[in-house]
Amino acid sequence: MKLAALLFCCVLPLSAYAQESSSHHPHDEGGHSHDHEAGTSAGAIEAFTVPASEVSPEYLQLATNVEVIPNIETAVTAPSAIMTHEGLFGPLLFAEQTRAFFIELQPGMFLAEHPHDTGSIVYTVRGRWVLASEGKRQVMESGSLFRFGDGMPTGWEAPFGEGALLLIVKPKGDSTDYEVFHHGIEDMREMVEADRQSGGAYYYNALKSDHPAILFAHSVNPDFDKVLESID
């Protein structure tokens with residue numbers, strides 16, 4: 001199941017910035033210029049909160065083209081979060097070239113390695129889980145960061161008693177708004193459910209006892225049997 005084609009994002013409207021004074025001297029770092037002396041632009045807005053909706057989390061519009069989510073845990077419980085057999089998905093914020101969303105893995109979940117059209121950078125906000133790629137496995141925990149390239153197969157496994165919250169940043173692709181992201185996840189949820197009904201494995205209890213994921217789970221969690229028993 002390719003998730004990259006199903007995950008979408010939004011682009012927030014951009015407002016024009018006031019021109020910098022000719023007396024200021026912006027400099028360039030990594031191709032992006034900025035000016036330490038520039039003050040508040042004439043077109044600056046007052047900060048305001050954009051409330052959560054069925055398709056988007058609450059965020060603070062701090063300044064023109066500057067959005068803030070003080071704690072992404074609030075997005076996990078927002079109505080825009082959608083539970084699937086691949087985890088709880090929800091949108092966060094979107095920039096001109098990139099998008100950020102989260103996945104919360106539940107104990108006992110398993111997703112076999114599969115390729116993604118576009119690469120990602122993934123940060124573990126809390127909890128523990130297992131990253132799988134090319135048959136190798138790595139326990140990821142709070143503070144762990146990894147990336148994978150375009151077309152690279154990866155999978156995830158959740159053999160621990162606690163869930164794990166992942167922050168994903170990737171190119172925004174062809175998506176346009178929160179509404180499209182929401183419908184994309186809903187479509188993915190239906191396809192994953194259909195695949196599970198036809199025999200696809202999305203939880204450890206669908207695997208054989210000698211599956212490498214099961215063997216690794218026992219090696220990193222002595223209480224893994226309790227996780228197996230807790231799977232609905």
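Which residues are linked in a network of salt bridges? I looked this up first, keeping in mind that the model is predicted. The network joins E73, E104 and R126.

**Entry: salt bridges**

I searched the whole structure and got five salt bridges. As a reminder to myself, side chains of opposite charge can pair when their charged atoms come close.

I began with E104 and R126, whose side chains meet in a salt bridge at 2.5 Å, N to O. E104 belongs to strand β8 (residues 98-105) and R126 to strand β10 (residues 120-126), so this pair ties together parts that lie 22 residues apart in sequence. I then checked how open each partner is. E104 is buried, as its relative accessible area is 13%, while R126 has 26% relative accessibility and counts as partly exposed.

Next I turned to R137 and E157, which form a salt bridge through their side chains at 2.9 Å, N to O. Here, too, distant parts of the chain are linked: R137 sits in strand β12 (residues 136-141) and E157 in strand β14 (residues 154-157), 20 residues apart. R137 is partly exposed, with 22% relative accessibility. For E157 I noted 2%, which makes E157 buried.

I also noted E134 and K136, with a salt bridge between their side chains at 3.2 Å, N to O. Are E134 and K136 buried or exposed? I found E134 exposed and K136 exposed as well.

**Entry: a sheet of three strands**

In what order do the three strands of the open sheet run? I read the order as β3-β4-β5, with antiparallel pairing. β3 (48-50) and β5 (66-68) are the edge strands, each pairing on one side only. On average, neighbouring strands in this sheet are turned by 35° against each other, direction ignored.

**Entry: a histidine in a loop**

Where is H116 placed? I located H116 in the loop between β9 (110-114) and β10. H116 is buried, with a relative accessible area of 5%. I also checked H116 against M152: the two are 36 residues apart in sequence, and their C-alpha atoms are 6.1 Å apart in space.

**Entry: helix α2**

I tested the length of helix α2 (residues 178-197). At 1.5 Å a residue, its 20 residues should span 28 Å, and the end C-alpha atoms are 29 Å apart, which agrees.

Which residues of α2 are buried? My list reads Y178, F181, H182, G184, I185, M188 and V192. Seen down the axis of α2, these buried residues fall within an arc of 160°, so they line one face of the helix.

What covers the buried residues of α2? The cover includes β4, β6 (82-84), β7 (87-94) and β8. Both β4 and β8 have already turned up in these notes: β4 as part of the open sheet, and β8 as the strand that holds E104.

Note on methods. Residues numbered from 1 in each chain as written. Predicted model: local features only at pLDDT ≥ 70, side-chain atom pairs only at ≥ 80, totals over all residues. Heavy atoms only, no water. Salt bridge = Lys/Arg side-chain N within 4 Å of Asp/Glu carboxyl O. Helix = DSSP H or I, 4+ residues; strand = E, 2+ residues; numbered from the N terminus. Buried < 20%, exposed > 50% of the residue type's maximum accessible area, 1.4 Å probe, protein only. Pairing = 2+ DSSP bridges. Axes fitted to C-alpha atoms, helices over the stretch in contact; angles between N-to-C directions. Expected span 1.5 Å × (residues − 1). Arc of directions from axis to C-beta. Contact = heavy atoms within 4.5 Å.
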